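Hi everyone, thanks for coming. Let's take a few minutes to go through the salt bridges in this one. Have a look first, and then I'll start with a question.

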Amino acid sequence: PKPASFRDLTRIANINETMWSELFLMNKQALTEQIELFQKNFNQLYECLKNDDIDGMKQMMIISTERRKKFDM
């Protein structure tokens, strides 16, 4: 069996495709902004990895760790 945390995390995926489409369209602006931000950061990580830029990757992980800490407050 899958761990409960995984089940809880994926529970929202049970919403049907019609509901997902409606939710996405209702939140189109926010979603497109976040997707663009994700693409930018993912491309930055890709370039660091491709170029063996360890310091760049470490800096990205430091930023991610700091952001994650805010969720625990």
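So, how many residues apart are lysine 69 and glutamate 66 in helix H4? They're three residues apart, and H4 covers residues 54-71, so that puts about one helical turn between the two. And these two do pair up: lysine 69 makes a salt bridge with glutamate 66, with the closest N and O atoms 3.3 Å apart. Just keep in mind that what you're looking at is a predicted model.

How exposed are these partners? Lysine 69 is partly exposed, at 44% relative accessible area, and glutamate 66 is partly exposed too, at 43%.

Okay, let's move to helix H3, which takes in residues 28-50. Here we've got glutamate 47 and lysine 50, whose side chains form a salt bridge with an N to O distance of 3.6 Å. Again it's a spacing of three residues within the helix, so about one helical turn separates glutamate 47 from lysine 50. Glutamate 47 comes out as partly exposed, with 36% relative accessible area, and lysine 50 is partly exposed as well, at 49%.

Next up, arginine 68 and aspartate 72. Their side chains meet in a salt bridge too, at 3.0 Å from N to O.

How values were computed:
Residues are numbered from 1 along each chain as its sequence is written. This is a predicted model: local features need pLDDT of at least 70, side-chain atom pairs count only at pLDDT 80 or more; totals for chains, interfaces and linings use all residues. Side-chain values use heavy atoms; hydrogens and water are left out. A salt bridge is a side-chain nitrogen of Lys or Arg within 4 Å of a carboxyl oxygen of Asp or Glu. Helices (H or I, at least four residues) and strands (E, at least two) are DSSP runs, numbered from the N terminus. Buried means under 20% relative accessible area, exposed over 50%, partly exposed in between (1.4 Å probe, protein chains only).
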